[in-house]
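I set out to record the fold pattern and the aromatic ring pairs of one protein. The entries follow the order in which I looked things up.

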Amino acid sequence: MTSSQTATSTFTQAQLGTQVLLAWSGERPDGHGGTAFLLTYSLGDGQDGPETGERAMRTALERSGLRIGGETLDATETPNLPVKLLVQAGQAVLTLPHFKAQYTVPPEWLAVARAEGAVHCMFATRPWPAATPGQPVDEELLRSFVCDPEVISTSAHCLLPVRSL
């Protein structure tokens, strides 16, 4: 019998590398409303290389109470989860114990997030160096990453309530 040692592993912030947020929204398949998405990923540029960064990200997410792979965690059912999303003045501020980032979100994302009251967050452990900060990401490139079965199964998924001041 084997057991995972990931949650007790150590990592440094430098191993995580550059952490990036990317927001987009889309219509629900049933046609009733939309969904706001927020993707967190690394460029894979951390100290000790992308493989170490992937392990470090996995450890950081698990320590934050997030599950890698499997079903989407509903943060409204886990009030002590140390993962928070604040949406204020056109900004999304995502806070985890190892990571805090502020991102200017598109107006359509903001409208959907407020209307739905929640955002589907995907925390990728797999690096994505093709999507660099400040450069546009076209829909095809985004879809190829977030719909890749390997990326999906190695990511944590969480439905975070939209909070504001």
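Entry 1, fold. I read the pattern along the sequence as α-β-β-α-β-β-β-β-α-β-α-α-β. I noted five helices and eight strands, taken as DSSP runs numbered from the N terminus (helices H or I, at least four residues; strands E, at least two). The model is predicted: local features need pLDDT of at least 70, side-chain atom pairs count only at pLDDT 80 or more, and totals for chains, interfaces and linings use all residues. Residues are numbered from 1 along each chain as its sequence is written, and side-chain values use heavy atoms, without hydrogens and water.

I applied the rule for rings of Phe, Tyr and Trp (its six-membered ring): centres within 6.5 Å make a pair, with planes under 30 degrees apart stacked, over 60 edge-to-face and the rest tilted. The rings of Trp 24 and Phe 37 are stacked, because their centres are 5.1 Å apart and their planes stand at 10°. Trp 24 belongs to strand S1 (residues 19-27) and Phe 37 to strand S2 (residues 34-42), so the pair ties together parts 13 residues apart in sequence.

I found Trp 128 and Phe 145 stacked, since their ring centres are 4.3 Å apart and their planes at 5°. Trp 128 lies in the loop between strand S7 (118-124) and helix H4 (139-146), and Phe 145 in helix H4, so this pair ties together parts 17 residues apart in sequence. Ring pairs link Trp 128 and Phe 145 with Tyr 41 into a cluster.
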